[in-house]
Amino acid sequence: MLYGRVEKVIQCQLPDDPATFGDFSGKLRLFAYITPCKTDGKDASQELTLYHNETTPIITDLTTIRAVVGRVQTTGGMTNRKQWGIIDRSTALVRTAFEHEDLSDVDDDDDDE
């Protein structure tokens with residue numbers, strides 16, 4: 001499993017250039033600026049998962065996010081240093097889904113009736 005902190009969500013209107021952007025040419029895309037956490041591949045939905053280091057931030061398509069989880073700061077233990085515990089209550093049956101809603105057909109004048 002890969003865990004990370006979403007720092008920002010970036011909106012990007014891609015240029016109308018099919019040779020470069022293919023099917024995404026001219027479309028609005030959402031990207032996430034994420035700082036990955038070093039968890040040694042542990043699955044926090046299955047076992048206690050703590051981390052104290054993060055890696056270099058990345059930018060990825062927002063649709064790559066599969067679930068939203070929590071974290072709690074803790075100190076102590078064998079190392080007596082600050083670390084974070086990941087709280088993951090997701091399962092293979094519950095995952096984030098993104099749906100496109102076309103708002104171009106919405107009529108703003110409906111409120112006048």
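Is Cys 12 buried, partly exposed or exposed, and what is its relative accessibility? Cys 12 counts as partly exposed because its relative accessibility is 26%. The cut-offs here are under 20% relative accessible area for buried and over 50% for exposed, with partly exposed in between, using a 1.4 Å probe and protein chains only.

## Ground rules

This is a predicted model, so local features need pLDDT of at least 70 and side-chain atom pairs count only at pLDDT 80 or more, while totals for chains, interfaces and linings use all residues. Residues are numbered from 1 along each chain as its sequence is written, and side-chain values use heavy atoms, with hydrogens and water left out.

## Overall layout

Of the 113 residues in the protein, 20% are buried. Take the contacts (heavy atoms within 4.5 Å) with a separation of 6 or more: residues 24 or more positions apart account for 52% of them.

## Cysteines and the core

Cys 37 is buried, as its relative accessible area is 10%. A search of the whole structure turns up zero disulfides, a disulfide being a pair of cysteine sulfur atoms within 2.5 Å.

Cys 37 also belongs to the largest nonpolar core, along with Tyr 3, Ala 44, Tyr 51 and Ile 86, which makes five residues. Such a core is a set of buried Ala, Val, Leu, Ile, Met, Phe, Trp, Tyr and Cys residues joined through side-chain atoms within 4.5 Å. Not counting residues up to four places away in sequence, Ala 44 touches Tyr 3, Thr 49, Ile 86 and Asp 88.

## The loop between strands 2 and 3

Asp 40 sits in the loop between strand 2 and strand 3 (50-51). Its phi is near 55 degrees, a positive value in a residue other than glycine. Asp 40 is exposed, with a relative accessible area of 77%.

Asp 43 is in the loop between strand 2 and strand 3 too. Leaving aside neighbours within four places in sequence, Asp 43 contacts Met 1, Tyr 3, Thr 49 and Asp 88. Asp 43 and Asp 88 are 45 residues apart in sequence, yet 8.3 Å apart in space, C-alpha to C-alpha.

## Around Leu 14

Leu 14 lies in the loop between strand 1 and helix 1 (18-21) and counts as buried, at 11% relative accessibility. Leaving aside neighbours within four places in sequence, its contacts are Phe 21, Phe 24, Gly 26, Lys 27 and Arg 29. For Gly 26, twelve residues along the chain from Leu 14, the C-alpha separation is 5.0 Å.

## The largest pocket

The largest pocket has a volume of about 700 Å³. Its lining counts 30 residues, and Leu 2, Tyr 3, Gly 4, Ile 65 and Ala 67 lie nearest its centre. Strand 1 (4-13), strand 2 (28-36), strand 4 and strand 5 each give two or more residues to this lining, and strand 1 gives the most, with three.

As for the method, a pocket is an open set of points on a 1 Å grid over the protein atoms alone, where a 1.4 Å probe fits, with protein on both sides within 12 Å along at least five of seven lines; lining residues have an atom within 4 Å of a point. Grid points are joined across faces, edges and corners, and the volume is the space filled by probe spheres set on the points.

Methods: Helices (H or I, at least four residues) and strands (E, at least two) are DSSP runs, numbered from the N terminus.
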